[in-house]
Amino acid sequence: MEQYIVSARKYRPSTFKSVVGQQSLTHTLKSAIDSGHLAHAYLFCGPRGVGKTSCARIFAKTINCLHPTADGEACNECESCVAFNEQRSLNIVELDAASNNSVDDIRNLIEQVRIPPQIGRYRVFIIDEVHMLSTAAFNAFLKTLEEPPSHAIFILATTEKHKILPTILSRCQIYDFSRITIPDIVDQLKYIAGNEGITAEPAALNVIAQKADGAMRDALSIFDQVAASSGGNITYASTIENLNVLDHDYYFRLMEAFRTCNVTEALLIYKEILDKGFDSLFFINGLAKHIRDMMVAATPQTHKLLDMGEEVAARFISESVKFHPKFYYLAMDLCNSCDLNYRTASNKQFLVELTLIKICRLLERPSTPPTGGGNNTGGTGGSPQQAGRPQASTPPVQNQRTNTNTSASTTAAKPTMAAAVQSNTTAEPKVAYTPAPQHHGTAKPITMPGNMPRIMINNTQAGQQTATGAKQPDTATSVQRRLSPFTPEQMLAAWNNYIEKHPSEKVIVNTMRTALPTRVDDTLYEIYVENVGQVEFIKARQTEIVEFLRRQLGNDMVAIDVKVKESGPEPKFWSPREIVEDMVQRNPEVRNMIQELGLSLA
């Protein structure tokens, strides 16, 4: 029986042409080989499983090939190539720095550098996971790396470039490997499936590519796992079940529940997802990404930002036209708020359910106050299901008057975002977002902030008294979203107002006094603090602070982003003598007093 070899080893690239997803980088290496401009040290860095070590081996084989091909590849026929393919070449030395990271290991490597090649022109030393070397080993390696023999070439590979000493980085040519895109991974998996006689649905391969997160090696390992469990017939259903992946269908069903304002359906779908064992935080982050992809798919210019297969992208594009763009912005903001508050919430399931309810209410039609006669009911104007359906263009019967001129002037309704969205569900996909005109008046175009529904559903004005003592109607769910403009000075005043109202909370107040808001755009401000600990102090109260600022400024889009200041020069620690000398130099009065009293510094 033939020994089984996993796909990650069997289909490991052996030529520059077979490297997946790194075309620009391999082209640069081939050009350097063709022109003979070879550096003595290279650093290959990038995520796991993207081909760093494979490219290092291909590069080492190609520069020692005795008869390279016209396109700059190794011939695989000469003595040097055959020795390399049979893993007996003495011209290539590999060192795993993860397990050989001491000074003695580097000294042994330096001893081997002195030996010239027996076949070919170069001896290539590949050091994998080079960031694992100790500081002493790095320092012992510096001189040899800077001035090696003419026959020696070093190729360092790492996934964490920031851990390497700057003195090492300055001696190397640095090549940054990128994550492999989903279409490239899917194409490679199709090629391997064809060679292995495995049938695979494109949707299933797309799920594997997304699960691999840009790593070809991970994709091949997952491919072998799914192929083994499905008996060589990889279907979308078997892949979802085997990898325990949350299917796109759940999110598309949720989007339909949002479109129809069906709170009950949304909560039942969430319950179904929980019953399958998925974490609530994983679900809410997946929902945020799904809404983001829907927003990207809604505009042809941003289709290239969809990191998915063609079939899945086509479904996103067809579904995205059912919603107004403003819905996506508000829904993503709600998902982001849920993510920020999730870790501190005592009832996490309730937090997620409340977020789903709020998203469902985004497209709910606000009630239209009657112009005369009938009952003033206020509220939301019907159930979520009724709000989600396209409404008749004429006013309700109980709100009509016999005088058509008066009716037209007093009941002319403004179009809302929900009306704009619903108008697209019954038209062609590319129809503009324009609501149907009302028979009793001329409809105004959709504007912001005039017709945006409030996210905050608990700000009721029920029971308030007017100046004359009359009670105003309940407008709990029909209050419009506040978007009042404000200046940076007003933002700073609101920030200081919060500090004044919390004098007893010394930690947060002292942090806020030293970290003042800096304007990024109309509603986004950045807060720069001294260290990570202060970041945690601010983020622990971020929701409360933002809500306070929104109330003070009358704008529900206010947001703050907390960042750590870039580290400056090291502080200078002064001796007592230096402190006194500095005082004398800065203050002539002190100097005169010392002279008058005949004092001197000890």
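Mentor: Ala60, Lys61, Asn64, Ser80, Cys81, Phe84, Ser89, Asn91 and Ile92 line the largest cavity. Bear in mind that this is a predicted model, where local features need pLDDT of at least 70 and side-chain atom pairs pLDDT 80 or more, while totals for chains, interfaces and linings use all residues. Residues are numbered from 1 along each chain as its sequence is written, and side-chain values use heavy atoms, with hydrogens and water left out.

Trainee: What makes something a cavity, and what makes a residue part of the lining?

Mentor: On a 1 Å grid over the protein atoms alone, a cavity is a set of points where a 1.4 Å probe fits but cannot get out, and a lining residue has an atom within 4 Å of a point. The structure holds one cavity of 30 Å³ or more, and the largest cavity comes to about 30 Å³. That volume is the space filled by probe spheres set on the points, which are joined across faces, edges and corners.

Trainee: Which helices supply at least two residues each of that lining?

Mentor: Helix 3 (52-63) and helix 4 (79-85) do, and helix 4 has the largest share with three residues. A helix here is a DSSP run of H or I of at least four residues, a strand is a run of E of at least two, and both are numbered from the N terminus.

Trainee: How does the lining of the largest cavity split by class?

Mentor: Four nonpolar, four polar and one charged. Ala, Val, Leu, Ile, Met, Phe, Trp, Tyr, Cys and Pro count as nonpolar, Asp, Glu, Lys and Arg as charged, and the others, Gly among them, as polar.

Trainee: Over to histidine 151: why is this residue called buried?

Mentor: Buried means under 20% relative accessible area, exposed means over 50%, and partly exposed is in between (1.4 Å probe, protein chains only). Histidine 151 has 13%, so the buried label applies. Histidine 151 sits in the loop between helix 6 (135-146) and strand 4 (152-158).

Trainee: What does histidine 151 touch, beyond residues up to four places away in sequence?

Mentor: Val113, Arg114, Ile115, Pro116, Pro117, Arg121, Tyr122 and Arg123, where contact means heavy atoms within 4.5 Å. A polar atom of the histidine 151 side chain is also 2.9 Å from the backbone oxygen of valine 113.

Trainee: What makes such a pair a polar contact?

Mentor: Two N or O atoms must lie within 3.5 Å; within protein, one must be able to donate a hydrogen and the other to accept it, and residues adjacent in sequence count only if both atoms are side-chain atoms. Glutamine 534 gives another example, with its side chain 2.8 Å from the backbone nitrogen of glutamate 530.

Trainee: Buried or exposed, where does glutamine 534 fall?

Mentor: Buried, because its relative accessibility is 16%, below the buried limit. Glutamine 534 lies in helix 23 (residues 532-540).

Trainee: How do you know whether the length of helix 10 fits its residue count?

Mentor: The expected span is 1.5 Å times one less than the number of residues. Helix 10 (residues 216-229) has 14 residues and should span 20 Å; its end C-alpha atoms are 20 Å apart, so the two agree.

Trainee: Which residues of helix 10 are buried?

Mentor: Met216, Ala219, Leu220, Ile222, Phe223, Asp224, Val226 and Ala227. An α-helix has 3.6 residues a turn, so residues three or four places apart point the same way. Helix 8 (182-196) and helix 9 (202-212) are among what covers the buried residues of helix 10.

Trainee: What comes just after helix 9?

Mentor: Aspartate 213, with a positive phi of about 55 degrees. Aspartate 213 is in the loop between helix 9 and helix 10.

Trainee: What share of the protein chain is buried?

Mentor: Of its 602 residues, 40%. The secondary structure comes to 26 helices and ten strands.

Note on methods:
1 Å grid on protein atoms, 1.4 Å probe; cavity = no way out; pocket = protein on both sides within 12 Å on 5 of 7 lines; lining within 4 Å.
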